[in-house]
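This report describes selected features of one protein model. Please keep the sequence and the structure in view while reading.

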Amino acid sequence: TGAIGLYNLGQTCCLNSLLQVFLMNIHFTGILRRITVPPCAVQRRSNVPYQMLLLLERMQCGKRKAVRPIELACCLSAHRVELFVQHDAAQLFLHLWNLMKKQMKKLELVEELSDLYTICIQEHLACQNCSFEIKNNSSMLTLPLPVLDSNSHRLKTLEDCVQYFFHPEELTDQNMCFCQQCGRKTPFLQSMKLVHLPQTLTIHLKRFCFEKSSYMHKLSHYLPFPQDLDFNGVLTENQCQADDNEKATWQYGLFAVVAHSGSTSCGHYCAYIQSLTECKWYCFNDSEVCQVSWDDVKCTYGHSNLHW
């Protein structure tokens, strides 16, 4: 019946935008449709994956332009997700994903959900005085890219942000680490190496920063991002810790953009999503949904006076 909107229940634009991104991803809904339905009504009301499945079915079966995600909102509220407040999209995305992963009973679905979204990074510390090294693998749900360098200069493109995230950093002076081999604090070289990228890669632009006065403000400057991104053409060999088979999967096409307009204290979220079945872009602005062009999507690059 076409793309369906979600009514705003009161400052739920961030939640609505994220739900649309989840439910427009056919790989995610393929997992969602195979969940185990909780046996009793009380469990069903408090089960996030099940309530998301019900919402998906209402959106696909209804003939209205939008539906109200009231049952899902009540379910999230029971799990301490605050309603009627402004959320940060990256934090809410992580909270929703953790709730879904925790409540899925089938282990194979939990593994599929992890494979769909989880990024694996190797943190590398090397003493500059000797050969002592520390290597730790860690996983993350989003790739948190800075939009400013260490000198507060603007990074010009998304590719620049990726390169800067994986650029080695020298830890000197007050930032020196204790070296077990040297027996004292020494300068270290800290670096991140990419080990694994998931089927659906989520990039988080760190557009909020603190001034010296502890005042938080938003960085709204222009930052273009491509429709297609190949990490093999962005990162060097030293920034990767993966074999050729893994690297062959590091090519992405842009699927969705969750955009924020306004300031840190007041604003609005909207989602631009490409239908994976139609290859058309749509703007999901709560209950209003319309087809848009790539030029419309490029408006989310960063403008302080952005209007949908």
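## Terms and basis

In this report Ala, Val, Leu, Ile, Met, Phe, Trp, Tyr, Cys and Pro count as nonpolar, Asp, Glu, Lys and Arg as charged, and the others, Gly among them, as polar. The model is predicted, so local features need pLDDT of at least 70 and side-chain atom pairs count only at pLDDT 80 or more, whereas totals for chains, interfaces and linings use all residues. Residues are numbered from 1 along each chain as its sequence is written, and side-chain values use heavy atoms, with hydrogens and water left out.

## The largest pocket

By class, 27 of the lining residues are nonpolar, 16 are polar and four are charged.

Strand β15 provides the largest share of this lining, six residues. Strands here are DSSP runs (E, at least two residues) and helices are runs of H or I with at least four, numbered from the N terminus.

## The second largest pocket

The second largest pocket has a volume of about 510 Å³. It is lined by 20 residues, of which Y164, F165, H167, E169 and Q190 are the closest to its centre. Nine nonpolar, six polar and five charged residues make up this lining.

## Helix α7

Helix α7 spans residues 107-117, and its buried residues (under 20% relative accessible area, with a 1.4 Å probe and protein chains only) are L109, V110, L113, S114, L116 and Y117. They lie on the same side of α7 because they cover an arc of only 160 degrees around the axis, taken from the directions from the helix axis to the C-beta atoms. The face turned away from that side carries L107, E111 and D115, which are exposed (over 50%).

The buried residues of α7 pack against α1, α2, α6, β3 and β4, where contact means heavy atoms within 4.5 Å.

## Residue F132

Residue F132 lies in the loop between β3 and β4. F132 counts as buried because its relative accessibility is 14%. Not counting residues up to four places away in sequence, F132 touches L125, A126, C127, C179, Q180, Q181 and F188.

Key. On a 1 Å grid over the protein atoms alone, a cavity is a set of points where a 1.4 Å probe fits but cannot get out, and a pocket is an open set with protein on both sides within 12 Å along at least five of seven lines; lining residues have an atom within 4 Å of a point. Grid points are joined across faces, edges and corners, and a volume is the space filled by probe spheres set on the points.
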